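Visitor: Please take a close look at the open spaces in this model. What lines them?

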Amino acid sequence: MRSTAAELDPWSVFVGNRDYEVEREHLPLYARVGDQHLGEELLATTQGPLTLDDVERWVFERLLHDGGLRSAADVSYFIGTRSWCEPDNVSLAFLPVQESWLAPFCTSYYGALEPNRREALCAALRQWESRYGAELCANWDTMLQLVVSRPPENDEAAWELAGQLLAVGSSLQMPRWSLALALPDSDAWFLHDRP
């Protein structure tokens, strides 16, 4: 299991679900930041079909280059443990592994019940530990919580990581741009995948 997780590319298994085309008349719904509606600008500056990921990347770029607009983007809920589940009852389990990235071989996560997805989750956790010092600290079957010692240090790394987190936590209800803005300031991550 350790060698499989070390060699596997998790992003060949966990692919994002944000590559679907957004109808042009619906673009304004996805191009909002706080009370700022950017839909008309998006429609005026883009041509042809756009995927949800295209729209979110466009918004992200606008935020990076417009300090006033960026200040309207409240991403505080996604920083730290604010979005974490706080269950009434918990159980503590001592797993027969030393590395937290191997925990999915001993536990279940709804988004990784099939063997290849379980291995891919271990590989993703291994990558995140190596790059960001991320360690799995809680598993609630449909939710994973990780603590992070080295958040991404630049916008591109945050954008890439946000896409990865949304692929593994496909039930997260947030635009990719908001997660990407929050990640450099966050020492904790929350993933959610449910039926």
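Guide: The largest pocket has a volume of about 470 Å³ (the space filled by probe spheres set on grid points that are joined across faces, edges and corners). A pocket here is an open set of points on a 1 Å grid over the protein atoms alone, for a 1.4 Å probe, with protein on both sides within 12 Å along at least five of seven lines. The model is predicted: local features need pLDDT of at least 70, side-chain atom pairs count only at pLDDT 80 or more, and totals for chains, interfaces and linings use all residues. Residues are numbered from 1 along each chain as its sequence is written, and side-chain values use heavy atoms, with hydrogens and water left out.

The largest pocket is lined by 18 residues (those with an atom within 4 Å of a point). Closest to its centre are A93, L95, C137, A138 and N139. By class, its lining holds 10 nonpolar, six polar and two charged residues (Ala, Val, Leu, Ile, Met, Phe, Trp, Tyr, Cys and Pro are nonpolar, Asp, Glu, Lys and Arg charged, and the others, Gly among them, polar).

The second largest pocket has a volume of about 170 Å³. Its lining has 14 residues, and G16, G163, Q164, A167 and R176 are the closest to its centre. Helix α7, residues 155-168, gives the largest share of that lining, with five residues (a helix is a DSSP run of H or I, at least four residues, numbered from the N terminus). The lining of the second largest pocket divides into five nonpolar, four polar and five charged residues.

Terms used:
Helices (H or I, at least four residues) and strands (E, at least two) are DSSP runs, numbered from the N terminus.
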